[in-house]
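Thank you all for making the time this morning. I would like to take you through some local features, chain by chain, and I will give the cut-offs as we reach each term.

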Amino acid sequence: MIKENAEVVVIGGGVIGVSLAYGMVKKGAKVILIDKVDNRLTASRGNFGLVWVQGKGKGMPRYVEWCIEATEKWPEFAENLETETGFDLNYEKTGGLEICLGEEEYQERINFIEGMSQSSKSGRYDCEMISRKELQSMLPKIKLGKEVSGASFCYHDGCVNPLNLLKAMNSSFQQKGGIYRPEQTVENIECSSNEFKIETGTHSFNAEKLVIAGGLMTTKLAKMVGMEVPVIPERGQILVTERTSRVFNYPTGEIRQNFDGSFMLGSSHEAVDYDTETSYEVLQKIAKRAIRILPNLKNLQLIRSWAALRVLTPDQKPVYLESDQCPGAYAITSHSGVSLASIHSSVLVEWIIEKKIPRGFTDFHPERFNVQEAI
Amino acid sequence: MFKKQYESHESVSIIFEGKRLNVEKGLTVAAALLVSGNTVFRASVVSGEPRAPYCMMGVCFECLIEIDGIPNQRACMAPVREAMKIKRQIKP
Amino acid sequence: MAAAITARAHGLSVLVLDEQPSAGGQIFRNIETLEATRNSEFIKLGKEYEFGSSLVRRFKKSGADYFSDRSVWQIDNNLQIHHVSASSSKNNSVVSHCQAKRLLIAVGAMERPMPLPGWTIPGVMPCTAADVLYKSSGFIPDGKVVLAGSGPLLLLIGCRLLDVGVHVSAFLDTSMNGALLKALPLLPNALRSHKYLTRGLSLLWKIRKAGIPFYSGIQNIEALGSSKLEKVRIRKSGKSFDVKADLLLLHNGVVPNVQITRNLGCEHRWYDVQRYWEPIVDNWGNTSVDDVSIAGDCGRVAGAAISEASGHLAALETVYQLGIISQTERDKLSRTHRIELARHQHVRPFLDKLFQPSKKWLIPEDDKTLACRCEEVNVSEIRETVRMGIKDPDRLKSMTRCGMGYCQARMCGLTVSEIIAEENKVSPEEIGYFRVRSPIRPVTLGQVAEID
């Protein structure tokens, strides 16, 4: 057994865990980041790279504000990472679209955006509906499909290369003295009055604080320190094409053209447990819809596809929790790890290290799920 | 790089980089271009370095070329056809 | 072809999907046309080709449906197969589907990638490329040719080139020092199939007799040229010298093409002697996935005779699994093929050991060499990334783009496993391989959507 000590042990090397670990070493804390062995279940390598506000947080005003705040911190966050590591994040804040096909979708979108605006108690949420004509003028280099009726456009939205983001945060974390321990399987966690002992197959880690950001493993790990954090997997499949000249300059939730010119297409929402296979039916469905939106895509060659599992709480909004039973242990889960990386690495880190509780933070407590159930 | 051992009887006329080129019928685009003395098919999309057919059997995707307006076709798998328009993929 | 013939003989409906334009695979590429229109060359290729030709004829008469020019891009869990034209990706080229009860994968082998500095320069090719051009188009190399690598195939192709008057300016032998000695313990077994052995030795003798500069104990090979190959720089015994060249033909052995078996989720194991992955099969070719079997070099690389016997055996197994013959009948019918297998298998351990790829040519010493040609990721970048704590190839892929290109890691997959293994001081067996997802071959979005 290799014994190692730290001020903070973070369990989970995905976008959330790494952004927290990164933020903490920047504050001067001694951090060990533990990462798992099974690399097939990681949402951090299978997402769309959106830095998004548009559809997030309906019905939870605190979360809407949280997302807006995160996108405002993003430009500086990206610049710092690029300077620290020399890696390009290809972050762009152009505003984001959700394109509608047909009148019904357009009307549904209008209603949805209204609901979002109402959820933004500060009134800062800035999203509007645009007509087909306006949309086409925003995209002069590519023809819209006949059925495109318009879109919603949100000024806060942007996108990033999520793989480079993960790589850059991990690299900067290690460069700043953070210790990265991959290939670990956490078998047991003991908490005593002033420390935590985390045992894996090969190591025994001691720490004053413990942060659990284990994605789909969070439920199991959080239980070990007296926290109830329900998360379930939801599969999404994505197609990636060959490179072509840049013609589509805004990200959407289902089509985006990467910096290198390849198109990424989604999206799907499937409750298939822990299955990360792709399926012919879904790939075809995604391709069909993408071609309805941008007919010229039909000539592009599909090179890759993948499937990954989103980590969803019952209401799809984050859980940020400190254990009552074992104070000093935290559970963090959110399906917006990329969008919130900027705020996780700053505001959440301040909460964990300096005990600065953000305003309205109790909204993120998982007891809200019990309340909903009771109703 | 490669040469014919003997003259062939049947030929087709293709248009390579805007110029008419007579090539033996039944050849793949890759073979036809190589034997006509063309050694660069494209510029790599990453660095721009010159690339040419490598495996000649459809595995490596090095021989990508524009055929009849469609980019990124495997030249080693496409048989030549009368009036086929072929363009190298070299960014200006 | 053998499997189709046997399956048809027992009344099964058989569809053969072939990416190539005509039957014959790689060894018997373009054999029908060769025999019909280039008969003198056909005869020179030897008795094996006569046999191959008769096999193709029997296949064509067997009643199996044969679709050439088809690329399989997706295989569903229920064995529904989706395929498109291999030669054209115009999106209106027909998308076809086929529901199989059982699937036999016989996609053969491919050249092991031999990354070395300058290997992406036009004029550097694997030696089978010259073989393809010769068989399909009758072309031969023009100008100065350098052959580099090791393995019986390189010797064979080298001799063929000499026979047609190609100017070979150097033969660079990269086989491991002392290889012959190491393989000698296997010799008694091997002598039962002495035909291979004597052929190999005679090829070597032929090359040396032709007076071609023959170098072994080579430390480094580098291809040089601005827009095409101009010379090959060789380092040997601490000294460098250049050889002018118009074509550099490489060969570092042949490895099973596991793209489809990986995509289907078949279990694979690492064959350490020859440093490649092979699907785990029983002695009927059954993989770990129900109703999926393999035959030929896409399992263990063993050459034409063994491939053919394994094809017959896999078909007999399929016929038995589909309830058409009993196990006893299957075993009885398999006897001649098992004898044939045994006859040729004796020399395999010897050959596999003799031509073991050396570490040096699996991972280039010059770490600026590209490991991934498509995305231009060099060895140094891969090593640096692994040192961040990465052991999983897919993880590495997400951090370097290695394996994300058109060839779908066919050219870099083995190299990546080797580098990660070396950095972590473990066997590639422990590292594994990229996950192989659909599409098995690039297809257009229009073909995926099935619209015109």
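Let me begin with a convention for directions: axes are lines fitted to C-alpha atoms, for helices over the stretch in contact, and angles run from 0 to 180 degrees between N-to-C directions. Two further terms come with it, namely contact, which is heavy atoms within 4.5 Å, and the elements themselves, where helices (H or I, at least four residues) and strands (E, at least two) are DSSP runs numbered from the N terminus.

As for where this comes from, it is a predicted model, in which local features need pLDDT of at least 70 and side-chain atom pairs count only at pLDDT 80 or more, while totals for chains, interfaces and linings use all residues. Residues are numbered from 1 along each chain as its sequence is written, chains are lettered from A and ligands numbered from 1 in the order in which they are written, and side-chain values use heavy atoms, with hydrogens and water left out.

With that in place, please look at chain A, where helix H7 (residues 280-293) lies across S12, S13, S14 and strand S15 (301-312), running at about 55 degrees to S12(A). These strands belong to an open, antiparallel sheet of five, in the order S13(A)-S14(A)-S12(A)-S15(A)-S23(C). Its edge strands are S13 (255-257) of chain A and S23 (443-444) of chain C, each of which pairs on one side only; pairing here requires that DSSP finds at least two bridges between two strands. Within the sheet, strand S12 (residues 232-243) of chain A and strand S14 (residues 262-265) of chain A run antiparallel and are joined by three bridges, with Val240(A) standing opposite Met264(A) in S14(A).

Staying in chain A, helix H5 (residues 162-175) has 14 residues and reaches 20 Å from its first C-alpha to its last, which is close to the 20 Å expected at 1.5 Å a residue, the expected span being 1.5 Å times one less than the number of residues. How much of H5(A) is buried? Taking buried as under 20% relative accessible area, exposed as over 50% and partly exposed as in between (1.4 Å probe, protein chains only), twelve of the 14 residues of H5(A) are buried, so the helix is largely enclosed by the rest of the structure. Among those buried residues are Pro162(A), Leu166(A), Lys167(A) and Phe173(A).

At the start of H5(A), a side-chain oxygen of Asn161(A) comes to within 3.0 Å of the backbone nitrogen of Leu163(A). Just after H5(A), Gly177(A) adopts a positive phi of about 100 degrees.

One more residue of chain A deserves a moment: Glu350(A), in helix H8 (residues 341-354), has 22% relative accessibility and therefore counts as partly exposed. If we set aside residues up to four places away in sequence, Glu350(A) touches Lys27(A), Lys355(A) and Lys356(A). Glu350(A) and Met24(A) are 326 residues apart in sequence, yet their C-alpha atoms are 8.4 Å apart in space.

Turning to chain B, we find five strands in an open sheet with mixed pairing, in the order S3-S2-S8-S6-S7. Strand S3 (19-24) and strand S7 (70-74) of chain B stand at the edges with a single partner strand each, so one side of each has no neighbour in the sheet. From one strand to the next, the twist averages 40 degrees. Strand S2 (residues 11-16) of chain B pairs with S3(B) in the antiparallel sense over six bridges, and Val12(B) has Val23(B) in S3(B) as its bridge partner.

Finally, in chain C, strand S13 (residues 218-224) and strand S14 (residues 231-236) pair in the antiparallel sense over six bridges, and a hairpin of six residues joins S13(C) to S14(C). S14(C) also pairs in the antiparallel sense with strand S15 (residues 239-244) of chain C, over six bridges, and that hairpin has two residues between its strands, with Ser237(C) in the turn at a positive phi of about 50 degrees.

Apart from its neighbours within four places in sequence, Asp352(C) is in contact with Tyr271(C), Val273(C), Gln274(C) and Arg300(C).

Note on methods. Polar contact = N/O pair within 3.5 Å; in protein donor to acceptor, adjacent residues only side chain to side chain.
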